[in-house]
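Here is a short report for a reader who is new to this structure. Please look over the sequence and the model before reading on.

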Amino acid sequence: MTGIILAGGKSRRMGKDKAFVKIGNKRLIELVIEKLEAVFEKIIIVTSDPVKFQFLGIKTVKDVVFNKGPLGGIYTGLLISESKYNFICACDMPFLNSHLLKFMSSKVEGNDVIVPVVGNFVEPLHSIYSKNCLLPIKRHLENGKLRVRDFFPEVKCRYIPENLIRKYDPHLQSFFNLNTPKMLE
């Protein structure tokens with residue numbers, strides 16, 4: 001399984017590229033990479049500007065579809081990855097939990113998407129996707145339907161309920177993402 005980091009957003013609310021914001025002495029992207037390397041053999045960064053990430057020594061690819069948001073990034077990651085299953089997350093999630101990632105990875109057999117549900121919200125940017133998602137995603141991109149979860153009914157999707165998630169991540173920190181300078185404080 002490959003870990004794919006989406007780092008192509010515009011970071012409007014943060015006012016600067018979130019991937020390079022520092023927490024202590026590490027950039028946010030470095031914290032995410034460390035968490036993923038503890039679980040996955042391969043890591044890919046999907047971005048609109050691969051040159052910015054070269055110093056990390058991680059395979060970095062340019063979005064193959066532009067201005068299509070996270071769905072376009074997911075499509076690019078799945079297209080480029082050599083793995084059948086891929087964990088996909090945003091670059092602004094510093095508290096990923098390796099135990100939760102391993103648990104989610106254990107549920108892939110027979111499924112196309114493994115997606116956590118926290119409260120009443122699905123977490124599509126902390127989910128596992130199979131290559132079987134490529135065609136449905138492509139159709140949605142072509143039709144301008146960019147909300148990630150809208151293609152879920154077209155594939156075999158397994159939802160992980162909050163009570164199971166809390167066994168591995170009691171405070172649900174995995175789903176915390178940094179969007180604003182105030183959140184960074």
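## Aromatic pairs

Is Phe95 buried, exposed or partly exposed? Phe95 counts as partly exposed, because its relative accessibility is 38%. The cut-offs are these: buried is under 20% relative accessible area, exposed is over 50%, and partly exposed is in between (1.4 Å probe, protein chains only).

This is a predicted model: local features need pLDDT of at least 70, side-chain atom pairs count only at pLDDT 80 or more, and totals for chains, interfaces and linings use all residues. Residues are numbered from 1 along each chain as its sequence is written, and side-chain values use heavy atoms, with hydrogens and water left out.

The structure holds 8 aromatic pairs. Rings of Phe, Tyr and Trp (its six-membered ring) pair if their centres lie within 6.5 Å; planes under 30 degrees apart count as stacked, over 60 as edge-to-face and the rest as tilted. One of the pairs joins Phe95 and Phe176, which are tilted, at 5.8 Å centre to centre and 40° between the planes. This pair links distant parts of the chain, 81 residues apart. Phe95 sits in the loop between strand 6 (85-90) and helix 3 (98-105), and Phe176 in the loop between helix 5 (162-168) and helix 6 (181-184). Helices (H or I, at least four residues) and strands (E, at least two) are DSSP runs, numbered from the N terminus. Phe176 is partly exposed, at 32% relative accessibility.

Tyr129 and Phe152 also form a tilted pair, with 6.4 Å centre to centre and 45° between the planes. They are 23 residues apart: Tyr129 is in strand 9 (residues 126-130), Phe152 in the loop between helix 4 (134-142) and strand 10 (157-160). Tyr129 is buried, at 0% relative accessible area. Phe152 is buried at 2%. Elsewhere, Phe20, Phe53 and Phe55 make up one aromatic cluster.

## Ser174 and its contacts

Ser174 lies in the loop between helix 5 and helix 6. Its relative accessibility is 0%, so Ser174 counts as buried. A polar atom of its side chain lies 3.4 Å from the backbone nitrogen of Asn97. Contact means heavy atoms within 4.5 Å. Beyond its neighbours within four places in sequence, Ser174 is in contact with residues including Phe95, Asn97, His126 and Asp169.

## Pro116

Pro116 belongs to strand 7 (residues 113-118). Pro116 is buried, with a relative accessible area of 0%. Not counting residues up to four places away in sequence, Pro116 touches several residues, among them Met104, Phe121, His126, Ile160 and Phe175.

## Helix 4

Which residues of helix 4 are buried? They are Leu134, Pro136, Ile137, His140 and Leu141. Seen down the axis of helix 4, these buried residues fall within an arc of 165°, so they line one face of the helix. The arc is that of the directions from the helix axis to the C-beta atoms. Leu135 and Glu142 are exposed on the other side of helix 4. Helix 2 (69-80) is included in what covers the buried residues. Just after helix 4, Gly144 takes a positive phi of about 75°.

## Cysteines

A disulfide is a pair of cysteine sulfur atoms within 2.5 Å. By this rule the count is 0 disulfides. For Cys89, the nearest cysteine sulfur is that of Cys91, 8.5 Å away. Cys89 is buried, with 0% relative accessible area. Cys157 is in no disulfide either, and its nearest cysteine sulfur, that of Cys133, is 8.1 Å away.

Conventions: Polar contact = N/O pair within 3.5 Å; in protein donor to acceptor, adjacent residues only side chain to side chain.
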